[in-house]
Amino acid sequence: MDETEDVPKDFIKLKSAKLSVDEVSELVVSPYCGAVSLFIGTTRNNFEGKKVIHLEYEAYTSMAETEIKKICRDVRQKWPSVKHIAVHHRLGVVPITEASVIIAVSSPHRAESLEAVMYCINTLKASVPIWKKEIYEDEYSWKENKECFWANSEK
Amino acid sequence: MRCQVSVLYFARSAELAGLRSETLSVPRQITSLQLWEEIVKAHPRLAVIQDQVVFAVRQEYVLLGDQLLVLQPGDEVAIIPPISGG
């Protein structure tokens, strides 16, 4: 068996370059794991009948990384068999169909990594200080996640 | 007693304030709502988003209200409009 025993790692990156599904999945692959689960968030070309030209993301980078680390810590408490976690989020302009976020989790069996990936994206949307601007033909709009408890959506 | 804190603006709040960051002199002990009111005095256009923002003080979320903040020189205070990551 491998001497290092593949210590569980969190791979967190916020960057403006195009995200790579290959790169993110390779980060979490482990000889001890039979499952790698992935979520990819991609840019849609429409919102409420308006044509979306592209998205723009900005972040409170240092706090975003800290909040994502907290999510990873929570994942390991809820699913102790999870091995590696990777969360890559793109900043700046994201063209239509390209990925704005990729989350990958490895675990020995599939149930844990599938559940952990869902938990990661749902919690990211509720707690990580990243903002998305949707650019339309004639205007733009700062989006608000419904998971964000201080958004005004119901008022 | 006052101290200098770093105020960071993001997303819509940066557009309304017209800047991304600045140093502000504020009372060391202040409620989060009073801190917001000091910031709005400096940037009145921010008033329109009062119902939709929270602070992050030393990278912990704080609602606008009665919570007493004890600030240190150089602390980071960020205006956090509704988030939309992912």
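Predicted model: local features only at pLDDT ≥ 70, side-chain atom pairs only at ≥ 80, totals over all residues.
Trainee: Why is Cys72(A) called buried?

Mentor: Buried means under 20% relative accessible area. Cys72(A) has 1%, so the label applies.

Trainee: What makes Cys33(A) buried or exposed?

Mentor: The relative accessibility of Cys33(A) is 15%. The cut-off for buried is under 20%, so Cys33(A) counts as buried.

Trainee: How do you know that Cys72(A) is too far from the closest cysteine sulfur for a bond?

Mentor: A disulfide needs two cysteine sulfur atoms within 2.5 Å. The closest cysteine sulfur to that of Cys72(A) is in Cys120(A), at 5.8 Å, so the pair is too far apart for a bond.

Trainee: And what rules out a bond for Cys33(A)?

Mentor: The closest cysteine sulfur to that of Cys33(A) also belongs to Cys120(A), but it is 14 Å away, too far for a bond. Over all chains, the count of disulfides is zero.

Trainee: Which residues does the UniProt record mark as "binding site"?

Mentor: The unreviewed entry gives that annotation to His109(A), Arg110(A), Lys125(A), Lys132(A), Lys133(A) and Glu134(A). They are spread over 26 residues of sequence and, in space, up to 37.8 Å between C-alpha atoms. From this set, Lys125(A), Lys132(A) and Glu134(A) belong to the lining of the largest pocket.

Trainee: Why is Arg110(A) called exposed?

Mentor: Exposed means over 50% relative accessible area. Arg110(A) is at 64%, so it counts as exposed. Arg110(A) is found in helix α3 of chain A, and beyond its neighbours within four places in sequence it is in contact with Ala35(A) and Ser37(A).

Trainee: What makes Lys133(A) buried?

Mentor: Its relative accessible area is 14%, and the cut-off is under 20%, so Lys133(A) is buried. Lys133(A) lies in strand β8 of chain A. Leaving out residues up to four places away in sequence, Lys133(A) touches His54(A), Leu55(A), Glu56(A), Tyr140(A), Ser141(A), Trp142(A) and, from the other letter, Glu15(B).

Trainee: How do you know that β1 and β2 of chain B pair?

Mentor: Pairing requires at least two bridges. Strands β1(B) and β2(B) have seven, in the antiparallel sense, so they pair by the rule of at least two.

Trainee: How many bridges join β1(B) to β7(B), and in which sense do they run?

Mentor: Four bridges join them, and the strands run parallel. In β7(B), Ala78(B) is the bridge partner of Leu8(B).

Methods
Residues numbered from 1 in each chain as written. Chains lettered and ligands numbered in written order. Heavy atoms only, no water. Helix = DSSP H or I, 4+ residues; strand = E, 2+ residues; numbered from the N terminus. Buried < 20%, exposed > 50% of the residue type's maximum accessible area, 1.4 Å probe, protein only. UniProt positions renumbered as here; feature names shortened; annotations may be inferred. 1 Å grid on protein atoms, 1.4 Å probe; cavity = no way out; pocket = protein on both sides within 12 Å on 5 of 7 lines; lining within 4 Å. Contact = heavy atoms within 4.5 Å.
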